[in-house]
Amino acid sequence: MKNSKKMAEEILQGIGGKANITSLVHCMTRLRFTLKDESLIQKQQIENTEGVLGTMAQNGQFQIIIGQTVPDVYAELCSLAGIEKMEALNENLDADNQGQKKFRPGAIFEVVSGCFAPVVTAFAGAGILKGILTLLTTYSLLDTSTGLYLMLNAASDATFYFLPFLLAYTSAKRFKTNEIMALILAGIYMYPTIINNAGTQVSAFGISFYLVKYSSSVIPIMLSVWVMSYVHRWISKVSPSFLRVVLVPVVVLLVMTPLSLMLFGPLGYNIGIYIGNFFKWLFDIAPMVGGFVDGFTRPLMVFTGTHMTMSPIMINNIETLGYDMLGPVHCVATVSAAGMCFGAFLKAKKESNKAANFSSFISAAIGITEPALYGVAFRFKRPLAALCIGGGVSGAFVAAMGAKALSFAMPALISLPVYTGTIPIILAGSAIGFVLTAVLTYVLGFDEDIKKDERAIEAEKKNLF
């Protein structure tokens with residue numbers, strides 16, 4: 001905790017102080033800042049901070065890579081900067097340039113990352129639990145009529161079933177609007193009458209529309225909260241102060257309820273259907289191509305932080321198709337990163353490099369790949385080529401063999417139960433990725449005398465051993 005507080009203090013100083021923060025979220029390994037003035041960033045100072053693995057400016061976000069202790073540093077930053085108060089005070093300032101941000105190339109990646117990053121850990125835990133239950137029930141090791149199954153199934157399903165509520169809250173934080181009103185919108189989508197009558201046609205204002213089942217949906221609530229942020233901001237601005245407490249929520253509900261159920265809900269739902277069908281079509285027609293491209297680019301997406309944008313696609317696939325075909329590719333690509341580290345361990349002559357590479361191998365084996373990326377791939381360069389090839393080939397294999405994930409989970413072998421029904425394919429693909437990447441890393445070799453940059457040095461400190 002002492003180190004986390006010191007890191008938070010130095011980071012806060014390096015990004016220009018709390019007054020420069022527009023928003024701050026974190027994923028499993030990174031702090032993700034949206035700053036008002038990026039010219040105030042003291043990049044070198046931040047990267048020299050003990051515990052910081054590196055920095056990345058990506059799609060309007062300034063990302064600071066921390067590793068496994070990022071939640072502790074994030075908590076200290078919130079305490080030091082008063083993040084809640086900062087967001088409320090800066091809402092109007094953000095509104096002045098919000099429209100410009102939304103239409104920047106790549107803005108969609110920033111938005112999705114900001115909305116999904118806070119709930120990734122919940123996805124990982126629930127996904128693994130769901131996979132274990134699926135495995136146990138598939139092989140008749142657990143009776144679905146027992147109370148134990150009832151409880152554990154509720155625990156594993158709650159995160160995904162009530163996903164609109166989680167995304168309503170995180171989207172409201174991202175768009176700087178009222179969280180309670182956003183949660184009410186999610187409640188409208190999830191209202192029993194709406195859910196139970198999904199598929200039926202109703203009419204309002206002379207317009208017919210279909211009710212849709214919005215449990216586990218992603219796009220409808222994000223669209224609705226985004227539009228609500230403008231409606232809420234406008235009505236708050238024009239309404240008299242003595243009427244605001246009543247007038248604002250009433251107008252928001254009167255405007256957003258029909259817009260959500262008649263327009264944004266069905267639109268978002270059908271976009272999700274089309275996205276799912278596109279990936280199904282791609283993996284049906286040319287699975288090796290889809291798997292290779294996804295696996296080949298996986299380390300680059302993790303390095304740039306854009307891998308977070310794949311999460312809603314994967315969750316949407318599970319909801320609309322009943323399975324996801326991208327998760328298996330990401331799993332074997334992660335194992336390939338472990339293979340890269342193992343190959344580098346065998347090839348290295350210097351004891352210091354051998355120890356660092358082996359530690360990165362252990363971390364990658366359980367799904368933490370950033371030490372491998374910074375400490376091996378992007379430090380020595382040639383291992384990165386081996387990793388991309390190994391991830392691409394193993395991804396092509398599992399895609400061609402029809403591997404499927406039945407739930408969303410961390411892309412690693414610890415999530416193996418999620419792939420129930422195609423576990424042998426995942427194991428074979430993992431073996432291919434591991435061995436091929438290890439061999440290529442060994443054969444291509446690398447210059448051990450390449451100096452470690454600050455990111456590589458700090459990456460080694462985040463290894464498990």
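## Pairing of β1 and β2

β1 and strand β2 (residues 30-35) pair in the antiparallel sense over five bridges. Two strands count as paired if DSSP finds at least two bridges between them. Strands (E, at least two residues) and helices (H or I, at least four) are DSSP runs, numbered from the N terminus. Ser23 stands opposite Thr34 in β2.

This is a predicted model: local features need pLDDT of at least 70, side-chain atom pairs count only at pLDDT 80 or more, and totals for chains, interfaces and linings use all residues. Residues are numbered from 1 along each chain as its sequence is written, and side-chain values use heavy atoms, with hydrogens and water left out.

## The sheet

The sheet is open and has four strands, in the order β1-β2-β4-β3, with antiparallel pairing. β1 (21-26) and β3 (54-58) stand at the edges. Each has a single partner strand, so one side of each lacks a neighbour in the sheet. From one strand to the next, the twist averages 20 degrees.

Helix α3 (residues 70-81) lies across β1 and β2. α3 runs at about 155 degrees to β1. Axes are lines fitted to C-alpha atoms, for helices over the stretch in contact (heavy atoms within 4.5 Å). Angles run from 0 to 180 degrees between N-to-C directions.

## Helices α15 and α16

The axes of helix α15 (residues 310-321) and helix α16 (residues 326-347) come within 9 Å and cross at roughly 130 degrees. The two helices are therefore oblique to each other. Angles under 35 degrees count as roughly parallel, over 145 as roughly antiparallel, 65 to 115 as roughly perpendicular and the rest as oblique.

In α15, Met310, Ile313, Met314 and Asn317 meet Leu326, Gly327 and His330 of α16.
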